[in-house]
Structure formats: structure tokens, C-alpha cells
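Colleague: I would like to go through some of the labels attached to this model and see what each one rests on. Please show it first.

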Amino acid sequence: MNLYYHRKLYALLAKLNLLAAVNDCEALSSHQADLAAWWHNWKTQIDGISKASDRVALEDLATTSTPTQVRHLISGQSQDVGQRPELSGDVITQLNQVAGTNARKAFWWLWRFYPEFLLERQSDALLFPADRTIPDCPLHSYYSTMTAIAGAIPPNYQETDPDQHPYLLLFTFSPIQEFIKSSRKFVDFWAGSYLLHYLSARLCWYIARIYGPDAIITPSLWSQEIIDALLVKSYPNFGATFACLGDGLTPAQRFNDKTSISLSTAGFPNVITAVVPGKQAAEKLGKKLSQHLTKQWRFIAQRVREDIKKSVQNYLTHLTDQHIQEILDKFPGTSETKLQQWRQGGCWEWNKLWDAQINHTWEPYWTAIPLGYPEQKLAIDKKATGAFDQAWKANQETVAPSRFGQPTPTNAEETFYHDLNIGTWWGNVQARLGNAIQAVKNTRSWQIPTAPGERSTISGQFSAVYPQLNYEKFREGAGIAAPDMSLFWRVMALVYPGLFNGSEKLNALELTKRMAWVYGGVAKSLGIDLEGELRKRPDRRDYEKFIRFPNLSSIASARFAADRPDLVRRYLRTLSRHISEPPHFDAQARKAFFAKTLRPSHVPKTDAAIHDRLKKRYNGVMFSSKWLADDMGLSDVAATTELRGLVAQAHQDCGFGDNSPADWWVIVLADGDGMGQYVTGRKLKLYHAYIDKTAVDIPPEQQAAFAELLDTRKRMGPATHVGLNRALLDFSNRLVPYITEQRFCGKVVYSGGDDVMAVLPLADLPEFLLSLRAAWCGSRDPKDEFVSRGGYWFPGQNFPENSSIGHRPLFTMGEGATMSMGIVVAHKSVPLPTVLETLWEAEKERAKKLPGTKEIPAKDGLCFRVIYGGGNVLEALMKGHLLPSWWQLIQDYQTAAENLSPVFYRLAEELPKHAFVTPCNRLFSKAAKVILMRRDNPLQEGQEQAIMKWLDEWEDWAKNAGQKPDEKQIGTSVQDLSRLLRFTAFWLDKMALLNNWIEEE
């Protein structure tokens, strides 16, 4: 009998000090003797590999039995920790009630919920370290690593058999950016990001169902809402345990009750790493994941295709002759015959076209590397001579060679190690995996095949779908008549009002993206109930309500609407009065207008502000004639032109002039710097930062060697790596959504690990960037809601009591961690694909390339790009350490923006003429002082001093940045400074306009 899950469960119970009650565990009762013997034989090696050799060795020198402090696993910052948390005595009873004799179910339940039980008893329970001497890895992360290793080593392990040796599998797939970029509306943008997240989560779920959730190293599955939703779907009685925790709700219940939108927020990466038992298992899993990716995607696409066919047929069947004629009148050259054919199932011949497009969407890649040399022992002891077997070490190096001039292990480490295990080579294996997957990608060629007929109007790639586009039957040069294609997409707009506008034509990929959440079964697969909404008439359905994601106009106007909901109400009343005046629009169009404007914006902070003050719901689409026409289903040119004039008139009547609160919006792409180097160990600090020197007693004869060890760079071991991935969930799943959606009027598009993508109004941009950077490195919270201690953020006295984020300490990357950001400020008329292309380039090719100095690290950049309606682009570059002092220049914008904006425009124009970067003289601040003295309206002394100080800081960085003459140092020229000052003036100019509207009585 396969005891895979039995072994994992037994090991976890042993580590949780529950072996005394293991005889009462129904899932293990039939195998007690075998499991006890296995644990006795393998406990030491499993423990050692999970911890890696350094922890094992130093444990012998420990002077305390219980840790008294915890070190941050990246920065090494320290803080005191409470007593070791313990579970209550009834855990086994609960386990039996939930899982009975099912070992797999029992392990899943215990793995998922025991940390929650500890948190209920002790708020810092998840900080408690696994090791006394190097107290940086949380206990619960170490336990998860240990059970993963236990599963990857079979009980009949043979050291010469690679199929019984632990392997690490890395799986990924593409394309990513192209898939997201083919977007016209925000719903496409959201759907592209979300489907990548969903497919990655389904791949992780596939692995976890076979090998357990602990087997997945990256990303961590613990407390991930989408995994929890799938877990409840698979094991419904787990819902009772969720009911006893926190708010008492499952993820699907939170979404349905509108208390959380995490289920519709993307966060899973497209790179997955798992530990599996053997070479054959790794190869089989890589192939199965490739097949499963295609299977999941095809299933969604098939559901969408079937819904379109069924819904179109149903709609056409109930059309009156009058309605048919009204449709045909708008498309000369078509006939009723086409509509009649589409009513019949046999005339839909597009399956091959769909399959040809859907089956070639993804390109999977995978590689597998053994954890250590697969034909030797997992660990060795030191010889009587005091040395280790050099042949064993050399063989490990053939699999995972040491890098960066630091051998594995170093001489100082060998002095203290009494044994060596494969866990010590963990960081090397991670580096080898990264190199191997890149090599696989480089050998593959992938491109979109040519497509017959009319292309997609969104991406220009693939044929736009059409019911009778069976290209295999066409004669050479034949195709679909343009009026017939236009007729079909007009019918699509009538069948799915608000989802399609009648003029756009999509390929199968884009259709599947846009419709997957509701009509492709994605929401249903997570337990989300949409049946009530779907039973409504199609023209009453609100797709934004389904996905809980705003439109572009709602984001752009979010801060204005939150500050002055009364002005939004006045504007809406003005616009509705214009629209209701005959003969502008008929009753149906007016009904659609009110349905689309009197609904939530799905920007949480804005909706809360409007409801608190007016008890109303307003949607920012009212400010945009383009998107309002789309949502109202207006396809007639005369109608859309008339709507455009009425929206413009309402803007004039309400004092906005030719501008609008929804003119500008912002998208931010942030990425942690050097994350791969943390995982491989290259960016970890010296042992000095992590070892608790008060917890070890070093014999006199080893003092010199211990001093050398303290000056050695620490390695990344298995448990520390798992701890990092699990801890990053605090940043991505808790801090980022809180900052974006509760502190500011923004919306998270993607937040996973160190990657963040968010949209927000222009007014919130500077403070959002400050808060996000502070949350990443654990520095002082700009809003003082959190207290920074030991590399963690603790909710402070100013933290909202009713926040869903909880009140436990939250992990940050700690002191010294940096993050680069691409920031695009786009006019509402700029196409979304253009914005996204610019965004990725700004982050990767500009922000990540900013140089450093001896004291200031490289990268850590911000690249601002303003894309104007005419297509012109203003780029401004700034180093991250300058952001706080830059904010000091403009933080009084609510009262001083109108006066400050001309100052920065003038400095941008004049400084390049009068100053340049010098080795010692601070010419920029001196030149700026002279320029400012010539103004008729002098600045307040504090404002002038802030400008001088910031200019000095910028010059200090610019003159010392990049000492390599052959390197192009971007961002350091006087022209770069001028563009940064111009961007500052641009932001202040827009804030002055916003202030005038907000202050209007």
C-alpha cells in the first residue's frame, strides 16, 4: 500500500508534539508500527536536509532550549519573540471528525489549519523560529519543508537509484505580456492578468492533489484564497473549520457577500517550483502539467463557445420581424438568410477555427534538477581525519556548482559541520534551475500562425471568429463578406450588451479572455454563485459587478468622486437632464444610461465615501462618452456623436470646461530588485546578521573559526526558501491590497510575491508610491498606521479596528530591500495596448537600469512616463531614495499647487542653461536659488529650502553614480533632471485643476 500521505501526516504530527495522541488518529491507526519504524530511521536525515547543514551543526553549540528572539530571514533584523505556541489537546479529535481514515484529507486539513489555530492563541505565533542559533526561519515554514522532503524520499530509498532521489521541477509557460496586452477595455486587461493567475493556480492545484500542498516551493499555497476555494470545493466539510476562524467565511462566501474580492484578484506567478520523488516522477509531472494547461484552457474556451452559440440562437429565435428589419437596415448587403442560418445549430462551422487558435495559445517549458548528486548518499559524516569525502562533494558540484567565488561549503563552515547534506546545495540548485529553464526557452521557437480572413480589431492577430468561418472549405481567395462579419458582431452586442459594442471583432483567445469568468465557468469552479445575476435579462446584467473590477473612467475619477461626491451627483443630474430632453434618446437608451451610471464604481474607498455621505452608488463611466456609449450599447454613429456632445455640455455646465475628472489615470508596475539573488543566496548577508550569538557557547579552540564563520555569507536553505515564499504572502496578499484599495482609491490588478500591478487616480500617485516602497522594505509607514519593528509591520494605534487585514505582525523584505517601478500616466484617449507596452518597457528597460553609488544600490528606480492624447511622451527618471524628499516638495499641493507648478516649469527650462554636474560644487541648488529670487511672487522659506535640499540630493547621486566609463548612466544628466522637474510641474498642474473643482461650492 502507498503510504505517501501517511508518512507526511505522521511527520507533521511528530513535529507538532502530537505523537502521544497518534494512536487515536484514525487516518494512521492501521499503520502505526510501520510509520514509527520509518520515522525512527529517517527523522534525522529529513530534519537535516530541511534545515541544511549549518543549522544542524550549530545546534550542538546551543546554550538555550527555546529561542528568545527572531531574526528577519533576509535583513537579519532582530526582535524578541514570545513563548513557543502550542496546539490545544483536541486537534486529533477534530482531525478525526473531518477526515476519518482518509490520510490525504487529514494531512491537507492539518497543514492548512494548524497555523490558524496557533494564531488564535498567540498573535506572533507565525514568527516563532525553528532554530535556536539561527532563528530566522519560522517554525511553520520549516515543518512544511520537512513534510515535503519526507514525501520526496521513499522509505525503500536506494542511494544509487535516481528514481528514488528528490528532484526539483520548474515549470513555466508563455506568452505573458502579449496575452495581457491584447486588450481594448479594462475588462480585457483584468481578464488577461486573471486568467494567467487562474491557470497557474490550477497547475499548482494539480501538483498539490498528487504530492500535497507542501511539495510546491514556489508559490506558497498556504492561505491563498483561490487554493482555499478549490479546497472547499473538493472537501466541503472544511467549510466548518473556516467558519470557526476569523470572519467565519469561506473565500467564496466572502466574495458572494462582497466582504472580499480576493478571489477575483490575480496573484499567482507563471513560474512553479516543486519537489518530487524521483527522476521519472519529475519527467512525468512536467509532461502532465503541459497537458493539463491545455486541457484547462480548452475547457474554458469550449464553455464560452457553447454559450455564444446557445445565446445567439435563443436571441434570434425570439426576435420580431420589426427588430430583424431594424438590424438589417444598419448593414446594407446582408440578408435575413444569415440570421436564419445562425438560428440553426448545423450552420455553425467554427469549431476548427476555435481549436486552431485555442490549441496554439500556450507554450509550456519545464526542467528538472536532482537535489544533490542522485547516485550517492543524501548526507555524509566527517571522517576521523576531520575532513569530508572530497569525491562526494565534487559530485554534488557537478549537479549544482558553486558560484560567485564562494565554495560549498567554505572552510569556516566545514570547521563546524559534523555532517554534510544535500540541503546545503539548495541555493546552487535554484541557480541551476534558472539557467536550465532559460536554456530550454532559447531552444524553442514559437509564433502565431497566419490567419485567414479579417483579423481581430483588438490585437490584429488571428482571424476574428464567425459562425461559418470554416476556412478549410473556402476556395483560394474566398472568405467572409465584410457586411456579414459586421452583422454577426452587432448581434453579439445585442446578445451580450455592455460586453461588446458591435464594432469590435475578436478572435477566440480574446473572446475566451473576456467571457471566461462568467461564461467560461471560472467563477463557478471557485464556488461563486452567479446564477441569480445570469437569470436577469441580458440588458440588466452588469459585468463589472461579476468581476468586481472598475472601468477606466471610474479609476481616473476615483479620488475626485471620493472627495466630492456631491459634485458627482450634480454632474450626473445635469447630464441626465440633457439626455432626458426629447428627442435625444428613447426610453430604452435612458434606462440603460441610468443602469450604467447608478451602480458602484468597484473602487472600494470611493464607493465607501459616496455611500457614507450620500447613500448612493455612482459609476465614473458617466465622465466618458466613449465608454458610456459602449456600456449603453449605442452603435449608431449619430447616437454616439450626440452623446459625446451632451457629455461635453454637462462638463461645461458643471465648471469642468474642456477638462474632466476622468482625463488621466495611472498604472504602476513594481518589481522587487534582485529576488533571484535572494533565492540563490547571493544577496543574503553574513552569518553575523543571523546567528544569535547569545544562544551559542563556542569553545576557546573554535573562537577564531567562529569569527571566520560570522564573516561568511549565509546560504539559502530549503526551509528558509519556503519561509521566504510564505512570508511574501503578507506583502502581496495583505499589505498591497490594503494600501491600494483601503488607504487609496486604487485597484490591484496583480499582486504576487514581489510583483505588483495596480491602477489608481493621478492624485494618489506620490503617496501610494511612498506607502508601497515602505511596505516592501519595512521602513516607517508614511501614514503611521503600522509600526515598523524587526523587518515586520505591526498594526499600530492608528490602524482601523474593522480592517480585514487582521492584527498580527506582517512580513516585509526588511531593511535594505529595494523595488523598481514603471509608472505610466495616460490620457484617457491613449489605447490600452500602448499603455501596457510602455509600462513594461519603463520598468524593465529604464527603472531597473538606474545606476547606484558606493552607498546607494543600483536599480531601485522609478520611471515616470506621461503619454499625452496626441501621442507625445514625457519620461522622467528618479532614484528611489529621492522619493521621500521629492514628496516634501509637493506635499502642500492642496493649497500651493497653483503657485508651485510655474516654479517647476521655470526650473525645468532654466537650470540646464545655468548648471551642470560637477565633482564638488553643488551648482544646481545655487542656480535654482538665483532663479527663484527673480520671481515676483517669492516662495515660502520652507518650500524654497525643500527644493534646494532635493536638488543637492539629486546632484550627490548623479555625480557619484556609475564609475564605469564604458557604462551608459541613464537618469544622471541635466536633461534628465529637467524632465523630472517638468513631470513635477505636470502633476502639480493637474492637482491645481482638481483643487479648483473640489473647492468649488
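Colleague: Where is Asp784 found?

Modeller: Asp784 is found in the loop between α34 (765-777) and β12 (786-789). Helices (H or I, at least four residues) and strands (E, at least two) are DSSP runs, numbered from the N terminus. This is a predicted model, in which local features need pLDDT of at least 70 and side-chain atom pairs count only at pLDDT 80 or more, while totals for chains, interfaces and linings use all residues. Residues are numbered from 1 along each chain as its sequence is written, and side-chain values use heavy atoms, with hydrogens and water left out.

Colleague: Why does Asp784 count as partly exposed?

Modeller: Buried means under 20% relative accessible area, exposed over 50%, and partly exposed in between (1.4 Å probe, protein chains only). Asp784 has 33% relative accessibility, so Asp784 counts as partly exposed.

Colleague: Which peptide bond has an omega of about 5°?

Modeller: The cis bond that joins Ser174 and Pro175. Pro175 is in the loop between β3 (166-174) and α7 (177-181). Another cis bond joins Thr408 and Pro409, with omega about -10°. Pro409 is in the loop between α16 (390-399) and α17 (411-416). Most peptide bonds are trans.

Colleague: Why are α26 and α27 called roughly antiparallel?

Modeller: α26 (residues 565-580) and α27 (residues 587-597) pack at an angle of about 165°, with their axes 10 Å apart. Axes are lines fitted to C-alpha atoms, for helices over the stretch in contact, and angles run from 0 to 180 degrees between N-to-C directions. Angles under 35 degrees count as roughly parallel, over 145 as roughly antiparallel, 65 to 115 as roughly perpendicular and the rest as oblique. α26 and α27 are therefore roughly antiparallel.

Colleague: Which residues of α26 and α27 meet?

Modeller: Leu572, Leu575, Ser576, Ile579 and Ser580 in α26 meet Arg590, Phe593, Phe594 and Thr597 in α27, where contact means heavy atoms within 4.5 Å.
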